[in-house]
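Biologist: Can you walk me through this one? I'd like to start with what sits inside.
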Amino acid sequence: MSTKPAFSFSTSNSGNVTVSPFWVKPTSKSGNAKKIGKQIWKWSKLALFAFMMIMGLWGCFQTMWDGSVSTNSTIGSGLEFGFPFGQTGDWRYDLSVSAGQQYHTFTQWTMAYGPFYGIFVYPGAALVQNLMYPTRDWAGGLNALMAIFVLLLIIRALSIMVTLRSTLQNEKMTEVQGKISEINAKYKDLKDMASKQKKQQETMEIYKKYNIKPFAAFEQMFITLPIFLIVYRVVTILRPLKATSLFGIWSFGVTPLSQIFSSEFTHNGWTFIFFLLLVIPAQFLSMKLPQRWAKHRNRNATAISDKGNKQQKRMKTFQTIFAGAMGLIVAFSAVGVGVYWFLNSLFSIAQSYLMHVIILRNRRRGGKLESRLKSLGLE
């Protein structure tokens, strides 16, 4: 029977013998390269999130000081994206012959309107326009629906890994809430500094054991805002979208409330009530259904602490306020924005249900999905 040596020997150039216990792993070049790679990936992600947030805020506040990017629902006003005048001969796609002080044209890639429009808005607007023009004869504005759907599909595909990582991190946080509540109860009446340090240490050990990165659950927030602003600008400046009338009743260029509280109410304005009754509940369901499915997945989890219950109530209150705010944005924004939000809500519901199924299947298979993500550096 062979035995494992207790020590490993290596000889240095000077002739001295270095003795190392077998349990001490020697540092390898591949190990160092892996650590360096992880650090590069970590800081690259931070830089990307910071850049996306800066660009999002730039696009959000730019209209306050730059009149050239202001939007207007009226065709031939504000900033408009389209083909140069006379290129197609279709007034819905060709911009006006000359740009006045209150009218600005956007026909090709340029940084004249700033990095947000040059880097992010232009690709989306060009994609939607070039999808709509060949299908311009489709009835009822279905070409606009198709183009927005394709844009949304591409955006979802690009952000799926961030969404997946965020969802799994939230799932693991829910699973260990029982253990966290036990630690909170253990140190509930201990207010000295040593006890606080021990509480924090035990909490961090739980996070490390289950590979939980608390801030990873918030990564999706750094992507959602810029994406919304990009699509919002695409929808509000694209001339063919402003000229679209969905099913012949909902013009993309008007706002629902302006039509409801106008002289057009008895003619066509009342139909926008049904538009809001489609879009706003869909947004609400896209927030509530994932919570319900998560509750179903973790129905056997240990009850969380009073502090955790309060945090959940605050989160639900915040989500309710957020849903109300989004409802107001839809009501006061162009119909095209509402169409985007409706399709986005359907995407969110479908993606959340798919994640629900994948997580349940992953548990039965022993966490293979999580292992794959970890091997890719995404977990």
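Modeller: One term to begin with: a nonpolar core is a set of buried Ala, Val, Leu, Ile, Met, Phe, Trp, Tyr and Cys residues joined through side-chain atoms within 4.5 Å. Buried means under 20% relative accessible area, exposed over 50%, and partly exposed in between, using a 1.4 Å probe and protein chains only. This is a predicted model, where local features need pLDDT of at least 70 and side-chain atom pairs count only at pLDDT 80 or more, while totals for chains, interfaces and linings use all residues. Residues are numbered from 1 along each chain as its sequence is written, and side-chain values use heavy atoms, with hydrogens and water left out.

Biologist: How many residues are in the largest nonpolar core?
Modeller: The largest nonpolar core has 54 residues. Those with the most contacts inside it are Phe 116, Tyr 117, Val 128, Leu 241, Val 339, Tyr 340 and Trp 341.

Biologist: Which elements give two or more residues to this core?
Modeller: They are α1 (29–65), β3, α2 (115–132), α3 (142–175), α6 (219–237), α10 (271–297), α11 (306–332) and α12 (335–364). Helix α6 gives the most, with nine residues. Helices (H or I, at least four residues) and strands (E, at least two) are DSSP runs, numbered from the N terminus.

Biologist: What is Tyr 340 in contact with?
Modeller: Leaving aside neighbours within four places in sequence, Tyr 340 is in contact with Ile 148, Leu 152, Ile 227, Phe 228 and Val 231. Contact means heavy atoms within 4.5 Å.

Biologist: And what lies apart from that core?
Modeller: Another core, of seven residues. Among them are Ile 180, Ile 183, Tyr 187 and Tyr 207.

Biologist: Which residues of helix α4 are buried?
Modeller: In α4 (residues 177–186), the buried ones are Gln 177, Gly 178, Ile 180, Ser 181, Ile 183 and Asn 184. Their cover includes α3 and α5 (193–209).

Biologist: Why would residues three or four places apart point the same way?
Modeller: Because an α-helix has 3.6 residues a turn.

Biologist: Switching to charges. How many salt bridges does the structure hold?
Modeller: Three. A salt bridge is a side-chain nitrogen of Lys or Arg within 4 Å of a carboxyl oxygen of Asp or Glu. Arg 239 forms one with Glu 80, and their closest N and O atoms are 2.8 Å apart. That pair links distant parts of the chain: Arg 239 is in helix α7 (residues 239–242), Glu 80 is in strand β3 (residues 78–81), and they are 159 residues apart.

Biologist: Are Arg 239 and Glu 80 buried or exposed?
Modeller: Both are buried. For Glu 80, the relative accessibility is 0%.

Biologist: What else does Glu 80 meet in a salt bridge?
Modeller: Lys 242, at 2.9 Å, N to O. This pair also joins distant parts of the chain, β3 and α7, 162 residues apart. Lys 242 counts as buried because its relative accessible area is 5%.

Biologist: Where is the remaining salt bridge?
Modeller: Between the side chains of Asp 90 and Arg 92, at 2.8 Å, N to O. Asp 90 is buried at 13% relative accessibility, whereas Arg 92 is partly exposed at 25%.

Biologist: Which side chain of opposite charge is nearest to Asp 66?
Modeller: Arg 233, and it is 10 Å away. Lys and Arg count as positive, Asp and Glu as negative; His and the chain ends are not counted. Asp 66 is buried yet has no salt bridge. Asp 66 sits in the loop between α1 and β3.

Biologist: What about Ser 159 – where is that?
Modeller: In helix α3. Ser 159 is buried, at 11% relative accessible area. Not counting residues up to four places away in sequence, Ser 159 touches Ile 223 and Ile 227. Ser 159 and Thr 224 are 65 residues apart in sequence and 9.2 Å apart in space, C-alpha to C-alpha.

Biologist: And Thr 135, what does that touch?
Modeller: Asn 143 and Met 146, again not counting residues up to four places away in sequence. Thr 135 lies in the loop between α2 and α3 and is buried, with a relative accessible area of 13%.

Biologist: Last one. How many helices and strands does the protein chain have?
Modeller: It comes to 13 helices and six strands. Buried residues make up 39% of the 379 residues.
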